[in-house]
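Hi everyone, thanks for coming. Today I'd like to walk you through one protein chain, step by step. Please have a look at it first.

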Amino acid sequence: MSSRAAPPETLKDLLRRADQAARAGLTAAQFDALLASLDSAARPHAGCDGLLDFLRAHRPAARHADIDRVWVLALDEVWARPAELAAPLAEYLALSPPVAAALSAPDPVSTAVLAALEADLLLHRLLALSPLPQPRWEALLAALAARLLIEAGAACQRYPRLLVALALWAQQTGRLALPTTDATVRAAAHASLIAAAAQGRPPPEALLAWAFLAAAPEPGDWAPVLARLPAGELVRRLLAEPLAEAELARSWPAATTVDAGLAAQYEDDPYPRWQAEPRRPWPPPAGVTRLLPARPRVLIAGCGSGQQLLRAADRYPGARLQALDFSRSSLAYAQRACAAAGLRGVEWRCADLLSLTGSGARYDLVECIGVLHHLPDPAAGLAALASVLAPGGLLCAAVYSARARAEVRRLRELWPAPAFEGDEAVVRQGRAAYLRGDYGSPDPAIVGSIDFYSRAGCRDLLFNRRERHYRLPEFLAEAEAAGFDWLQLEAPAPVAEQAARRLGRPAERLDAAQWDAYEADAPRSFGGMYQVWLRRRG
């Protein structure tokens, strides 16, 4: 009697098996089923999300090759924003015994630790894509850089991959954890590359990484030898991309703005300096989707470095996108990064948000995320946005919560004015003092924020030139005065679920007063800003 082989499990079967194993407390079986789901289709979102949820929720006793493989896939295939994976990955990487020992006592760094980190390809990949949001990791990475800079040529021979990873980490963090360098050191690093390139062969990537760690020369310093430098991620990130951005920025006329100081902040430090963005459906709330036309005209007002644009392109399929920002550097970063990610057809505009008034433009939807609370007059900003929305058009606005930003507000009252005027030395000193506990015990929400670990991010998080904090009813009152009506608040899923349970009605049906009452009992709910949907009257 012949027997038939069992049909292969479908993705649905594997996810069901993983769920059954989870309910039974069979952690290994759950992981195996989720791992198998990766091979059941072309990287299904459900399988990737399940694995990420598993890795965030379960800490193994030691590192494992299969877990390493999943983390590398998650970074390379961009299952989520790398910054969102950095915290659990930092904990996982610390399971390596040499790393754990070094994190406990980062200075001096032993040869055994250097050898272990030179071979740690998962660490290298993460350093290329995101800061690590832990003070102990920052201290270790800074100690590693200092040790390799002293070893110079020997380091280039022994630890080339680690040098390259550290240089990419330093570039995206704005060298925040590294000492500043003087003109003499910068000139010496520049000369070392010129001399190597003049020999008629490309200098090794490790030498370029060492020179960047030593002095962070401006990309233009190395432009004459760019063609002779080795092709690869390091040259692209340190030299080719900044040079391309500088050329794009020069193509824009400077925007006329009422806030030159704030514009200068984002000219110096486009925010965020992102490297990868997941591309997948991000549907807006169902009640919003029903109000949008098939091909909406969408304005991203204050597009910054472009990360939001990619998400908007996936959120509103077929939309006609326009991006506006008053920072030429930010627009250039956005243009370059979005083009590299495959986004085409965006209409770019360098202008102040307030210039929209009287422009005659018309949109079905405007997104304005993290912008209004930095304006000298947020009410004027709301009025400008209302002026370009069609009657019944939608505004998605995100602003700071007064409750969630209470610690930031306290610090801003303690720090000197130069900290908010772009004085990097004062920013570094204030940040270091906060970590030492000079202002009281550091707030875990601040030192756990990915923004705390880069120059652009830290300036935006703590040292922004201007910011205003809102209670939700207060912001709604300003919006209503500008001609908007409340639709709903789009909250993170865990917050929405908890609010619905506590208040006894679906989160999308809660009004501003009800959300305010909920937040009074859970003041950390909106650390990532309120995200509010409004509709223009008429």
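Let me start with a question: which side chain meets the side chain of glutamate 233 in a salt bridge? The partner is arginine 237, with a distance of 3.3 Å from N to O. Before I go on, please keep in mind that this is a predicted model.

In the whole structure, a search finds 40 salt bridges.

Now let's zoom out to the domains. The domain assignment gives domain 1 at 11–140, domain 2 at 289–402 plus 469–536, and domain 3 at 405–463. I'd like to stay with domain 2 and domain 3 for a moment. Their centres, taken over C-alpha atoms, are 26 Å apart. Six residues of domain 2 are in contact with six residues of domain 3.

How is the size of such an interface put into a number? It is often given as the accessible area lost when the parts come together. For domain 2 and domain 3, the buried area is about 550 Å², and carbon and sulfur atoms give 36% of that. On the domain 2 side, Tyr400, His469 and Arg524 supply 67% of the area buried against domain 3, more than any other three residues.

What about charges across this interface? The rule finds one salt bridge between domain 2 and domain 3. The side chain of arginine 524 also meets that of aspartate 443 in a salt bridge, at 2.8 Å from N to O. Five residue pairs are in polar contact across the interface of domain 2 and domain 3. The side of domain 2 that touches domain 3 has two nonpolar residues, three polar ones and one charged one.

Next, the database record. UniProt, in an unreviewed entry, lists "domain: Methyltransferase" at residues 298–393. In the model, that stretch, 298–393, is 33% helix and 27% strand, with its end C-alpha atoms 10 Å apart. The unreviewed UniProt entry also places a "transmembrane region" at residues 379–402.

Last, two backbone details. Most residues other than glycine have a negative phi, and most peptide bonds are trans. Arginine 175 is not a glycine, yet has a positive phi of about 60°; you'll find arginine 175 in the loop between helix H11 (160–172) and helix H12 (183–198). The peptide bond from tyrosine 271 to proline 272 is cis, with omega near -10°. Proline 272 is in the loop between helix H16 (260–268) and helix H17 (286–289).

Methods: Residues are numbered from 1 along each chain as its sequence is written. This is a predicted model: local features need pLDDT of at least 70, side-chain atom pairs count only at pLDDT 80 or more; totals for chains, interfaces and linings use all residues. Side-chain values use heavy atoms; hydrogens and water are left out. Domain bounds come from an automatic or database domain assignment. Contact means heavy atoms within 4.5 Å. Buried area is the accessible area (1.4 Å probe) that two parts lose on being put together, summed over both. A salt bridge is a side-chain nitrogen of Lys or Arg within 4 Å of a carboxyl oxygen of Asp or Glu. A polar contact is a pair of N or O atoms within 3.5 Å; within protein, one must be able to donate a hydrogen and the other to accept it, and residues adjacent in sequence count only if both atoms are side-chain atoms. Ala, Val, Leu, Ile, Met, Phe, Trp, Tyr, Cys and Pro count as nonpolar, Asp, Glu, Lys and Arg as charged, and the others, Gly among them, as polar. UniProt positions are given in the numbering used here, feature names are shortened, and annotations may be inferred rather than shown by experiment. Helices (H or I, at least four residues) and strands (E, at least two) are DSSP runs, numbered from the N terminus.
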